[in-house]
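Here's a quick briefing to read alongside the structure. Have a look at the fold first, then work through the points below.

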Amino acid sequence: MTKYIFVTGGVTSSLGKGIISASLAKLLQSRGYSVTIQKFDPYINIDPGTLNPYEHGECYVTEDGAETDLDLGHYERFLNTPTSQANNITTGRIYQNVINKEREGAFLGKTVQVVPHITDEIKRNIRMLGEDGKYDIVITELGGTVGDIESLPYIEAVRQFRWEIGSGNSLVIHLTLIPFLAAAGELKTKPTQHSVKMLLEYGIQPDILVCRTEHHLNMDIRKKIALFCNVNINAVIESIDASTIYDVPLLMLKEQLDKTVLTKLKLPHKTEPHLDSWKDFLGRLKNPTSEVKIGLVGKYVELPDAYKSIIESFIHAGAKNECKVHVTYIPSETLTTGNAIEKLQGLHGVLVAPGFGERGFEGKIEAIRYVRENNIPFFGICLGMQCAVVEFGRNVLGLKDASSTEMNPETPNPVIAMMEEQKKVVNKGGTMRLGAYPCDIKKGTKAFAIYGEQHISERHRHRYEFNNQYLKQYDAAGMQPSGINPQNNLVEIVELKNHPFFVGAQFHPELKSTVANPHPLFINFVAASMAYARKK
């Protein structure tokens, strides 16, 4: 029978439930268990697809095309296994499903209520991953903080679910904060006590407390927390601030979180955790032999979480190259013809980030012109690739008014445009290419040398495409379409023939980079930046 672990948060948000969930899953996976993690988000949006990145960080896209919470990126990067639509549920989806059933008459005229109808739908989604037989353990992370009105139905559903499946088949891990009061010079347990009391009011006794702290917890504090919160002393787990999120699995191993979990779930300890490759990755990450400065040009740079997967991909690729990647954030709307040189000088590579809308578009084009003309390594992702196409059209092919129909619907040279069949779709989300699509790479190209194979699959999230009417013109002038979608002939990768590293990808390679498998495009971009730095 599948076992279930629920991770709740108390005292404050942003304590790192996603990292703790991913770290625990990594430890259990390294002991031979098959584990998956799902995230329940208490907001009413159907998914994060239409949310501004400033609201909720990046939107993470799964293989099956689901637009999900950025925590799913952590799950995949730690576990090296893909997630799906079933791994991220929002209150909006829960209510939409229940209302659709009510409209179909599924409730036989009964009054539809939060309990039992909404809670039943939540429980159905909890069970979904456990019932397909693929997983020994399902970890469910509940978004928000205990006490929020929004998360109450989830807490109630967990209470019911635990009662139904019986003792020993589930446990609750409560992630909480032990603040340090500088004036008093001591750690305070009262916020944690209040948070646990609130959970108890809702009918849930946490089994394990993971205490986020800036200072080590001494035995007296652990005993006090255990006494006031009804948990065993070995179930009070210290989670101290770490220099990198990738340290957390080893910190949790030291605190024996995985052993405590297995004991409480009555599961055999199987083997000791196999974490040699993880430790090897950490060793290379923490002991780089070189450094590079890479500029990330985007319009959401005030919130680094908007580019979470890109930043993590640089960490993976940097470790692979034994190189420390320093990312410099450059707001694209501040870039002009006059200041591009000044703002981009001293960089060893430039990545132009994905995004939607007109803001910062011209700034991205200025950045690309500078790196193209000065042979600085360039990597463009999604809109970054489209900007490279527009820049090349304007400044090399002489199409002075070349643009994307997203930015200028009336442009006489729409080098980036929407496919005909997409124009008829009204819903914003419906017009996008989402999820995994195949790509065939031409032999003899830089892309082929990078991937080392001809047939690949990458994840997409975009609405506009390279306009194939201009294909021959671009190819003849030196911008080569090196990756093509075999199903609809759309351009997936472009590269410059006479440039040390100039690659644009229509897809999002950052979504597939993991600790175990850093993405080859990022590995090679970092390597090209290192080569450029050595020449300087």
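In which sense do strand 22 and strand 23 pair, and over how many bridges? Strand 22 (residues 491-496) and strand 23 (residues 502-505) pair in the antiparallel sense over three bridges; strands count as paired if DSSP finds at least two bridges between them. Keep in mind that this is a predicted model, where local features need pLDDT of at least 70, side-chain atom pairs count only at pLDDT 80 or more, and totals for chains, interfaces and linings use all residues. Residues are numbered from 1 along each chain as its sequence is written, and side-chain values use heavy atoms, with hydrogens and water left out.

- Nine strands make an open sheet with mixed pairing, in the order 13-12-14-15-23-22-21-18-19. Helices (H or I, at least four residues) and strands (E, at least two) are DSSP runs, numbered from the N terminus.
- Strand 13 (323-331) and strand 19 (455-462) sit at the edges with a single partner strand each, so one side of each has no neighbour in the sheet.
- Valine 494 has glycine 504, in strand 23, as its bridge partner.

**Tyrosine 370**
- You'll find tyrosine 370 in helix 14 (residues 361-373).
- Tyrosine 370 is buried, at a relative accessible area of 14% (buried is under 20%, exposed over 50%, partly exposed in between, with a 1.4 Å probe and protein chains only).
- Leaving aside residues up to four places away in sequence, tyrosine 370 touches Ile341, Leu344, Gln345 and Ile376 (contact means heavy atoms within 4.5 Å).

**Valine 115**
- Valine 115 belongs to helix 5 and is partly exposed, with 43% relative accessibility.
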